[in-house]
Amino acid sequence: MNSDNTTFNPDLNNSTINTGLHIIMTTDEDDARPVYISGNFNNWRTQDKDFLMEKIGNSSYHYKFSHDFDYPAELLYKFSKGDWSEVEIDSHGNRTENRSTIAHTGIQNEHVARWRRNWLPFKQSFLPQVQLISDEFEIPQLNKTRKIWALLPHDYDNSSESYPVMYLQDAQNLFNETAEFGNWEIDKKLAVMSEYKIGKIIIIAIEHAEEDRIKEYNVGKTVLGKGQGKKYIRFVTDTLKPYVDSHFRTKKEREFTGIGGSSMGGLVSIFSGLRNPEVYGKLMIFSPSLWVVPELKIDPKKANTADTKVYLYAGGDESKTMIEHVNKFQNDLISSEFVKENSNINLSINRQGKHSETYWSDEFPKAIEWLFFNTKNP
């Protein structure tokens, strides 16, 4: 619906056209996804129903601003299919610069060659540097070793900049092209984020313990038995993070440090944040196995870090209780005052989402952007 409910008519006379700016967009690639216009007039929100474009023919859309619209001095805008992961690109797959106009009346004709899908395609030159920290990094808390990777910004070696850090579980499924169930493609997503100047970050990817994965990610005594999660959390917090901070150019403070994962990896990441809020200011929690801990106790004594940010994701086609558990967890975080502001929790629900890497892959760049950068203008 347009802001003044005006339906486009090519025979509009000049007096009607002059009542507001009229944007007409054609595209070479059309499909059933809706088209939105986003810009500096709506804080670059991508699914703003007030700026949903109306389809007026094959591959043609329009939007008309109301006669009393409060225009910026220069109107900046882009077209998307509802998210920056599905934003317009040029015929070669490159990002497009912001469109602009200073007109407040008349017709503005625009054309979109192609659209991104799930943040892709990506450019090889922006891929992160993937560095193997160790094949056998020692975990003294568990008397084990583990393979751990660092994904550094593509221009890390040519920069003196320091970066925020996200610690992620299940490295086998994050960027491994041969992963059995697919992977998150975080290397490709980071490449697109760099190209769009959304922000640069270091990802520390920790491989899981194979047959001991569930035991290692299980915290305390649960329906899964007695876990080793507390020791694992101590390893990441007390051993791995100091090593990373001393060997890479990191921003060490909690507001620049995050931890995350999916399923059981999401659960152990929750406990990492709850037990060490002075270390982790950002939590990225995808499809957490909250059923393992029916009553998750949140210690109000540790609720002294009001700026903790939590990105929660759940799919509606994962289990009968997934969305219920995630909603309850969100409410518990707020009622316990572990997170002081409701706006510091981003709950993303995909009603068709399944418990798989495909959906976590799509959510990853959205979560990183919201947690660390809040960029409104890619």
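Trp291 sits in the loop between strand 17 (282-286) and strand 18 (309-315); helices (H or I, at least four residues) and strands (E, at least two) are DSSP runs, numbered from the N terminus. With a relative accessible area of 46%, Trp291 is partly exposed. On that scale, buried is under 20%, exposed is over 50%, and partly exposed is in between (1.4 Å probe, protein chains only). Trp291 teams up with Ile214, Val223 and Leu224 in a nonpolar surface patch of about 390 Å². Patches take residues with over 30% relative accessible area and no salt bridge, joining nonpolar side chains (Val, Leu, Ile, Met, Phe, Trp, Tyr) within 5 Å and like charges within 9 Å. The areas come from the Shrake-Rupley method with a 1.4 Å probe, and for residues only the protein chains shown count as cover.

This is a predicted model, where local features need pLDDT of at least 70 and side-chain atom pairs count only at pLDDT 80 or more, while totals for chains, interfaces and linings use all residues. Residues are numbered from 1 along each chain as its sequence is written, and side-chain values use heavy atoms, leaving out hydrogens and water.

There's a charged patch too: Lys221, Lys226, Lys230, Lys231, Arg234 and Arg275 form a positive one. Lys and Arg count as positive and Asp and Glu as negative, with His and the chain ends not counted; the charge is placed at NZ of Lys, CZ of Arg, CG of Asp or CD of Glu. Helix 4 (residues 229-247) supplies the largest share of the patch, three residues. Lys221 belongs to strand 14 (residues 221-222) and, at 74% relative accessibility, is exposed.

Zooming out, the protein chain has seven helices and 19 strands. Its radius of gyration is 23 Å, close to the 21 Å that the globule rule gives for 378 residues, so the chain is as compact as a globular protein of that length. That radius is taken over C-alpha atoms, and the rule is 2.2 Å times the number of residues to the power 0.38. Buried residues make up 56% of the 378.

How many salt bridges does the structure hold? There are 25, each being a side-chain nitrogen of Lys or Arg within 4 Å of a carboxyl oxygen of Asp or Glu. Among them are these:

| Pair | N to O distance |
|---|---|
| Glu195 and Arg116 | 3.6 Å |
| Asp212 and Lys144 | 3.7 Å |
| Lys144 and Glu216 | 3.2 Å |

Lys144 is in strand 11 and Glu216 in helix 3, so their bridge ties together parts 72 residues apart in sequence. Glu216 is buried, at 0% relative accessibility, whereas Asp212 is partly exposed at 24%. Both Glu195 and Arg116 are buried. Elsewhere, salt bridges that share partners join Asp30, Asp31, Arg33, Lys55, Lys81, Glu86 and Arg117 into one network.

Now the backbone. Most residues other than glycine have a negative phi, and most peptide bonds are trans. Ser59, not a glycine, has a positive phi of about 65°, in the loop between strand 3 (54-57) and strand 4 (60-64). Glu337 also has a positive phi of about 65°; Glu337 lies between helix 6 (322-335) and strand 19 (345-350), in a loop. Leu120 and Pro121 are joined by a cis peptide bond, with omega about 10°, and Pro121 lies in the loop between strand 9 and strand 10.
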